[in-house]
Amino acid sequence: MPNWVPAALSADLSIATAMPAKTPLGELAIWRGGSGRVSAFHDRCPHRGMRLSHGFVRGEMLSCIYHGWRYDGTGQCRKIPAHPDLVPPAAVRAGRLACVEQGGLIWVAAEGTETAPPEVGGVLPLRSIAVERPIAEVAAALGIDGLMGKVSLPGCKEALTLALLDAQGRTVLHALMPEADAATRIAASRALEALRRGLETETTEAAQ
């Protein structure tokens with residue numbers, strides 16, 4: 001398993017929102033506080049196991065939608081609404097992962113990872129797209145060695161930088177490209193859709 005995995009595009013996570021992500025590190029809740037800082041937790045509230053990705057963000061804390069238990073960016077529980085005068089024990093924590101936002105991507109890794117995520121420069125987020133095909137097959141079909149690579153697609157003026165996420169049986173392609181006008185970005189998005197259809201068609205034909 002690689003140290004860092006590209007969990008999401010930065011552009012897909014707005015201020016004060018949370019989103020789910022399936023990754024090799026498990027199912028995660030990724031959320032952005034009011035300051036813009038991004039955090040990643042295992043997608044399970046320590047209280048009753050509710051998905052934290054269904055929760056809501058207030059300031060710099062993520063609240064579980066079930067009973068409102070509130071967690072700060074370190075994963076520490078800071079408030080239990082049913083017991084407003086109680087200081088939550090230090091042991092009540094959401095499982096936290098290392099999380100870095102860089103080059104238009106949100107990268108996650110196990111806590112304590114000493115390496116840095118790959119450098120990505122000169123590109124902006126385009127979109128993410130899911131391919132119903134294992135990551136090893138997608139990487140081989142695209143000629144990508146590792147988690148990232150550049151791919152030139154028919155009908156697309158600019159080569160796309162693709163970051164591959166193993167989403168537990170399927171592959172999510174996070175696409176980035178150099179700054180471009182709206183027409184060029186639309187053409188690139190359509191080329192990405194055609195790529196997805198082609199990859200999935202290859203799988204269907206191989207199974208017949």
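This is a predicted model: local features need pLDDT of at least 70, side-chain atom pairs count only at pLDDT 80 or more; totals for chains, interfaces and linings use all residues.
Let me begin with β3 and β4, which run antiparallel and are joined by five bridges; strands here are DSSP runs of E of at least two residues, helices are runs of H or I of at least four, both numbered from the N terminus, and two strands count as paired if DSSP finds at least two bridges between them. Residues are numbered from 1 along each chain as its sequence is written, and side-chain values use heavy atoms, with hydrogens and water left out.

Back to that pair of strands: β3 and β4 form a hairpin with five residues between them, and Gly36, in the turn, has a positive phi of about 100 degrees. Within the pairing, Leu28 has His42 in β4 as its bridge partner. Strand β4, residues 38-42, is mostly covered, with four of its five residues buried, where buried means under 20% relative accessible area, exposed means over 50%, and partly exposed lies in between, using a 1.4 Å probe and protein chains only.

Where does this hairpin sit? Both strands belong to an open sheet of six strands, ordered β1-β10-β9-β4-β3-β2, with antiparallel pairing. At its edges are β1 (4-9) and β2 (17-23), each of which pairs on one side only. From one strand to the next the twist averages 30 degrees, with axes taken as lines fitted to C-alpha atoms, for helices over the stretch in contact, and angles running from 0 to 180 degrees between N-to-C directions. Moving along the sheet, β4 and β9 run antiparallel and are joined by two bridges, and Phe41 has Arg96 in β9 as its bridge partner. Strand β9 (residues 96-102) then pairs with strand β10 (residues 105-109) in the antiparallel sense over five bridges, and there Cys99 stands opposite Val108 in β10.

There is also an open sheet of four strands, in the order β5-β6-β7-β8, again with antiparallel pairing. Its edges are β5 (56-58) and β8 (77-79), and each has a single partner strand, so one side of each is left without a neighbour in the sheet.

As for records, an unreviewed UniProt entry carries the annotation "domain: Rieske" over residues 4-108; UniProt positions are given in the numbering used here, feature names are shortened, and annotations may be inferred rather than shown by experiment. Over residues 4-108 the chain is 0% helix and 45% strand, and the end C-alpha atoms are 6 Å apart.

Finally, consider Thr161, whose place is in strand β13, residues 160-166. Is Thr161 buried or exposed? At 8% relative accessibility, Thr161 counts as buried. Leaving aside residues up to four places away in sequence, Thr161 touches Val123, Met148, Gly149, Lys150, His174, Ala175 and Leu176, a contact being heavy atoms within 4.5 Å.
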